[in-house]
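Could you look over this model with me? I've jotted down some points to read alongside the picture.

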Amino acid sequence: MNYRPLPDTDRLPYALYRADQVRRLDRLAIEVFGIPGIELMNRAGAVAYRVLRARWPQARRITVLAGTGNNGGDGYVVARLAQADGLAVRVLQLGETDRVRGEAALSLGAYRNAGGVIEAARELPPATDLYVDALLGTGLERPVTGRWAEVIAALNAQRAPVVALDMPSGLHADTGRVMGAAVRASATVSFIGLKLGLFVGAGAQYRGELHFSALDLPARVYAGEILAAARIDWARESRSLPPRSRIAHKGDCGHVLVVGGAPGMSGAARLAGEAALRAGAGLVTVATHPRHAEWLNLDRPELMVSGVESAGDLDALIERADVVAIGPGLGRTDWGRGLWARMRALSRPLVVDADALNLLAETPGCGPDWVLTPHPGEAARLLGVTTAEIESDRLASARRLQERFGGVVVLKGAGTIVRGPAPRLPAVCSQGNPGMATAGAGDVLTGVIAALRAQGLDAEEAARAGVCLHAAAGDRAAHTGERGLIAGDIIAALRGLSNGLDGED
Ligand SMILES: NC(=O)C1=CN([C@@H]2O[C@H](COP(=O)(O)OP(=O)(O)OC[C@H]3O[C@@H](n4cnc5c(N)ncnc54)[C@H](O)[C@@H]3O)[C@@H](O)[C@H]2O)[C@@H](O)CC1
Ligand SMILES: [K+]
């Protein structure tokens with residue numbers, strides 16, 4: 001992922017918080033642990049300044065865009081430090097400085113006492129090497145409009161790097177929604193707690209390279225706060241993968257049955273099957289339409305294939321399988337409908353994807369041992385809402401899906417969410433890239449989750465690990481470029497990653 005550790009910034013933590021929670025942590029640090037607010041602000045500004053100096057050491061002219069809240073306060077600290085270092089600094093203010101209160105006012109005073117000047121933000125200076133976005137942080141409370149939106153649009157239209165303090169201004173800290181306009185940052189330096197909105201919604205699009213500092217707050221500040229979600233990545237989730245027994249035989253590594261591949265859509269089932277093999281399943285059978293059953297595994301003979309005319313043909317196959325992945329290329333004709341109807345009636349561990357989800361949307365039901373893997377469009381059909389509604393609060397959408405359909409929900413998209421039954425924390429995957437928006441990538445994920453489930457992980461572990469393995473494999477495949485990345489490239493990266501050979505991207 002887009003993260004380079006720098007001195008003075010911690011490795012990205014796994015805890016994600018909402019804005020109200022981070023405010024509570026702030027308050028606790030100040031009121032209970034006695035760290036003055038201005039001290040926190042000075043630390044925040046200092047960390048951000050070090051990040052920008054380390055990343056853009058050649059920048060001599062720095063322009064700070066400041067709002068009237070504490071985010072602006074952090075910005076004045078950066079301005080003061082840059083000025084003390086002999087850089088050419090301009091601070092452009094949005095909103096009146098006489099509205100600046102509290103710690104931000106102290107910070108403004110310190111900047112002015114050091115000879116700093118504040119200018120009204122009329123237009124962006126034509127020559128600047130770097131911008132600091134200190135307009136809005138977690139205090140964003142309404143859509144960005146008028147002059148603020150114009151300044152943000154101008155910032156996004158120019159070419160100099162932009163370092164956002166705490167959050168890219170205009171990005172909602174809880175949902176990652178763009179509130180009218182948002183700063184497209186080159187880097188974001190976030191403080192105290194990582195905000196959910198940096199990882200869900202448009203977060204990945206707007207945050208740029210991500211840095212974090214807890215500002216040296218004692219661990220006890222965090223002890224009482226239940227996370228809003230956990231960030232997950234392959235480095236961490238790979239730990240749930242059991243080591244292979246030295247005396248394993250193929251039956252010990254699980255048997256996955258993939259059900260799908262209506263005429264014209266055999267590739268989807270084939271991709272899911274091959275992905276399951278590469279993610280370590282001992283045996284994989286593809287149950288598919290008889291029309292192409294004979295040639296489906298011609299170039300992948302390790303896959304077993306069974307042509308099924310109708311649901312009755314499935315029974316013997318189900319008997320031998322540990323996990324069934326149903327949906328890739330299933331279609332919605334009588335053939336696919338019959339197979340889905342048979343599968344949903346059985347209490348087998350299922351991974352439900354693609355057309356099986358569309359059929360589930362037609363006749364809703366609930367399964368305790370299901371992993372559902374909808375993309376936003378399928379999620380919208382399942383909940384009877386629009387895709388835009390799903391996307392406007394992805395975490396809430398995943399919760400509603402889980403409550404309605406049971407099992408574990410994997411809501412795909414940038415920042416894939418894994419949501420098991422409460423009180424388990426929702427998880428947000430911080431790996432993956434837009435190259436993975438390609439035909440068949442979802443089929444690969446289905447195969448991977450089924451393979452991990454078949455190797456003994458429970459539904460939620462398999463969903464979390466599967467999402468991260470798939471995303472890390474996509475990142476690995478994207479080393480040679482996102483454009484033109486195909487599902488087979490993701491499959492090709494699975495094996496190395498699942499053996500710990502290239503665990504971190
Ligand atoms: N002691 C603290 O509380 C610390 C706060 N920190 C910084 O403080 C930030 C939070 O500060 P605040 O709570 O003051 O909030 P912000 O500075 O994020 O913004 C609040 C101000 O912006 C205005 N505003 C909100 N939405 C707007 C919109 N759409 N258009 C125009 N104006 C809008 C509000 O009226 C208010 O004046 C954090 O993101 C972080 O950068 C850090 O300095 C660490 C310590
Ligand atoms: K900001």
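Here are my notes, point by point.

1. Some ground rules to begin with. This is a predicted model, where local features need pLDDT of at least 70, side-chain atom pairs count only at pLDDT 80 or more, and totals for chains, interfaces and linings use all residues. Residues are numbered from 1 along each chain as its sequence is written, while chains are lettered from A and ligands numbered from 1 in the order in which they are written.

2. Start with the sheet of seven strands. It is open, its pairing is parallel, and its order is E4-E3-E2-E5-E6-E7-E9. Helices (H or I, at least four residues) and strands (E, at least two) are DSSP runs numbered from the N terminus, and two strands pair if DSSP finds at least two bridges between them. E4 (118-120) and E9 (209-213) are the edge strands: each has a single partner strand, so one side of each has no neighbour in the sheet. On average, neighbouring strands here are turned by 25° against each other, direction ignored.

3. Now zoom in on one pair. E2 (residues 61-66) and E3 (residues 88-93) run parallel and are joined by six bridges. Arg61 has Ala88 in E3 as its bridge partner, and Thr63 stands opposite Arg90 in E3. Five of the six residues of E2 are buried, leaving the strand mostly covered. Buried means 20 or more other C-beta atoms within 10 Å of the residue's own; 12 or fewer is exposed, in between is partly exposed, and C-beta atoms are placed from the backbone.

4. Which strands does helix H2 lie across? H2 (residues 37-55) lies across E5 (130-134), E6 (162-165), E7 (187-191) and E9, running at about 155° to E7. Helix H3 (residues 70-84) lies across E2, E3, E5 and E6, at about 160° to E2. The angles run from 0 to 180 degrees between N-to-C directions, with axes fitted to C-alpha atoms, for helices over the stretch in contact.

5. On to ligand 1. It is surrounded by 28 residues, and the closest are Gly69, Asn70, Asn71, Gly137 and Gly139; a residue counts as near if its C-beta atom, placed from the backbone, lies within 6 Å. H2 and H3 each supply at least two residues of this shell, and H3 gives the largest share, five residues.

6. Are Asp133 and Ser169 buried or exposed? Asp133, in strand E5, is buried, with 30 other C-beta atoms within 10 Å. Ser169 sits in the loop between E6 and E7 and also counts as buried, with 29 C-beta neighbours inside 10 Å. Leaving out residues up to four places away in sequence, Asp133 touches several residues, including Leu65, Val183 and Ser169. Touching means C-beta atoms, placed from the backbone, within 7 Å.

7. Finally, there's an open sheet of 12 strands with mixed pairing. Its edges are E8 (194-195) and E13 (304-307), each with a single partner strand. Inside it, E18 (residues 417-419) and E19 (residues 427-429) pair in the antiparallel sense over two bridges, and Val418 has Ala427 in E19 as its bridge partner.

How values were computed. Contact = placed C-beta atoms within 7 Å.
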